[in-house]
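Reader: I would like to learn how to read a few features of a structure. Please take them one at a time.

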Amino acid sequence: LRRDDRGEIAANTAIFVMVILLLFVALQFGLWFYGREVAAAAAQHAVDAARVETGSSGLGEATANQYLAQVGGLEESSVTVTRTSTSVTAVVSGQSVSIVGFIDPPITVRVTAPVERVVG
């Protein structure tokens, strides 16, 4: 008896397409995670630059933008640093690099720290 193998190619093709799609989704998640880590590091750099005694909001934003330009991994990024007399808040937002068009969650990271005070 011979085995009937009609439809075998269609089934293999469907499985292959699903495996490739799963691979791309996994890669997209990795790129999103990397973009989020880059945004968190940029926000921390901004806060560190703005919270010192001679720091300012502008210095924090410039530091974060310089870091983002050097590292990459975050597209359409924006940096906002707010400094009050007691605290500094940095918000970095953007989009991760996209390889799968239908998965594109935004990235927003907020870091807050107290302003350093010199007591003496």
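Reader: Which strands pair here, and how many bridges join them?

Author: Two strands pair if DSSP finds at least two bridges between them. Strands (E, at least two residues) and helices (H or I, at least four) are DSSP runs, numbered from the N terminus. Here E1 (residues 74-83) and E2 (residues 87-96) run antiparallel and are joined by 8 bridges. Thr-82, for instance, has Thr-89 in E2 as its bridge partner. A hairpin of 3 residues links E1 to E2.

This is a predicted model: local features need pLDDT of at least 70, side-chain atom pairs count only at pLDDT 80 or more, and totals for chains, interfaces and linings use all residues. Residues are numbered from 1 along each chain as its sequence is written, and side-chain values use heavy atoms, with hydrogens and water left out.

Reader: Is Gly-72 buried, exposed or partly exposed?

Author: Buried means under 20% relative accessible area, exposed over 50%, and partly exposed in between (1.4 Å probe, protein chains only). Gly-72 has a relative accessible area of 22%, so Gly-72 is partly exposed. Gly-72 lies in the loop between helix H2 (57-71) and E1.

Reader: Which residues does Gly-72 touch?

Author: Contact means heavy atoms within 4.5 Å. Leaving aside residues up to four places away in sequence, Gly-72 touches Tyr-34 and Val-38. The C-alpha atoms of Gly-72 and Val-97 are separated by 9.3 Å, while the two residues are 25 residues apart along the chain.

Reader: Where is Phe-24?

Author: Phe-24 sits in helix H1 (residues 8-51). With a relative accessible area of 37%, Phe-24 is partly exposed.
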